Amino acid sequence: MGERRRYDSRFKAQVALEAIRNQQTISQIASQYGVHPNQVSKWKKRALEGLVELFSDGKERREKDQQQLIDE
């Protein structure tokens with residue numbers, strides 16, 4: 001079995017943005033960048049989830065952090 005390839009965050013963001021734009025299929029994007037289609041989908045999902053947190057206010061984030069501490 002081959003070695004795992006590591007991609008930097010800039011590359012992942014670029015691929016995820018291509019997927020979010022929906023101008024090509026996931027398979028086309030994966031082929032263009034030389035990654036597996038499942039990986040493109042995962043990066044797209046992470047990017048979209050990250051956008052929600054990016055635009056949330058600090059109060060929501062603090063409450064979430066406090067709840068995590070309580071749960072632990």
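Predicted model: local features only at pLDDT ≥ 70, side-chain atom pairs only at ≥ 80, totals over all residues.
The partners are Glu18 and Arg21, whose closest N and O atoms are 3.2 Å apart. Side chains of opposite charge can pair when their charged atoms come close.

Both Glu18 and Arg21 belong to helix α1, where three residues, or about one turn of the helix, separate them. Arg21 has a relative accessibility of 48%, so Arg21 counts as partly exposed.

Most residues other than glycine have a negative phi. Asn22, however, has a positive phi, near 60°. With 56% relative accessibility, Asn22 counts as exposed.

## How α1 meets α3

Two packed helices are described by the angle between their axes and the distance between the axes. For α1 and α3, the axes come within 8 Å and cross at roughly 90°. That is why α1 is described as roughly perpendicular to α3. On the α1 side, the contact is made by Phe11, Lys12, Val15, Ala16, Ala19 and Ile20, and on the α3 side by Val40, Trp43, Lys44, Ala47 and Leu48.

Lys12 is found in helix α1 and is partly exposed, because its relative accessible area is 28%. From Lys12 to Lys44 there are 32 residues in sequence, yet their C-alpha atoms are 8.8 Å apart in space. If neighbours within four places in sequence are left aside, Lys12 is in contact with Tyr7 and Trp43.

## How α2 meets α3

Helix α3 also packs with α2, at an angle of about 105° and with the axes 8 Å apart. The pair α2 and α3 is therefore roughly perpendicular too. Here Ile26, Ser27, Ile29 and Ala30 of α2 meet Pro37, Val40, Ser41 and Lys44 of α3.

Gln39 is another residue of helix α3. Gln39 is partly exposed, because its relative accessible area is 29%. The C-alpha atoms of Gln39 and Ile26 are 9.6 Å apart, while 13 residues separate the two along the chain.

Is Val40 buried or exposed? Its relative accessibility is 0%, and buried means under 20%, so Val40 counts as buried.

Which residues touch Val40, apart from its neighbours within four places in sequence? They are Val15, Ala19, Ile26, Ile29, Ala30 and Val35. For Leu69, the picture is another one: 29 residues along the chain from Val40, its C-alpha atom is separated from that of Val40 by 32 Å.

## A nonpolar patch on the surface

Finally, turn to the surface. Leu48, Leu51, Leu54 and Phe55 form a nonpolar patch there, and together they have about 440 Å² of accessible area.

Leu54 lies in helix α3, which covers residues 37-54. The relative accessibility of Leu54 is 58%, so Leu54 counts as exposed.

How values were computed. Residues numbered from 1 in each chain as written. Heavy atoms only, no water. Patch = residues over 30% accessible without salt bridge, like charges linked within 9 Å, V, L, I, M, F, W, Y side chains within 5 Å. Areas by Shrake-Rupley, 256 points an atom, 1.4 Å probe, with all protein chains shown as cover. Salt bridge = Lys/Arg side-chain N within 4 Å of Asp/Glu carboxyl O. Helix = DSSP H or I, 4+ residues; strand = E, 2+ residues; numbered from the N terminus. Buried < 20%, exposed > 50% of the residue type's maximum accessible area, 1.4 Å probe, protein only. Axes fitted to C-alpha atoms, helices over the stretch in contact; angles between N-to-C directions. Parallel < 35°, antiparallel > 145°, perpendicular 65-115°, else oblique. Contact = heavy atoms within 4.5 Å.
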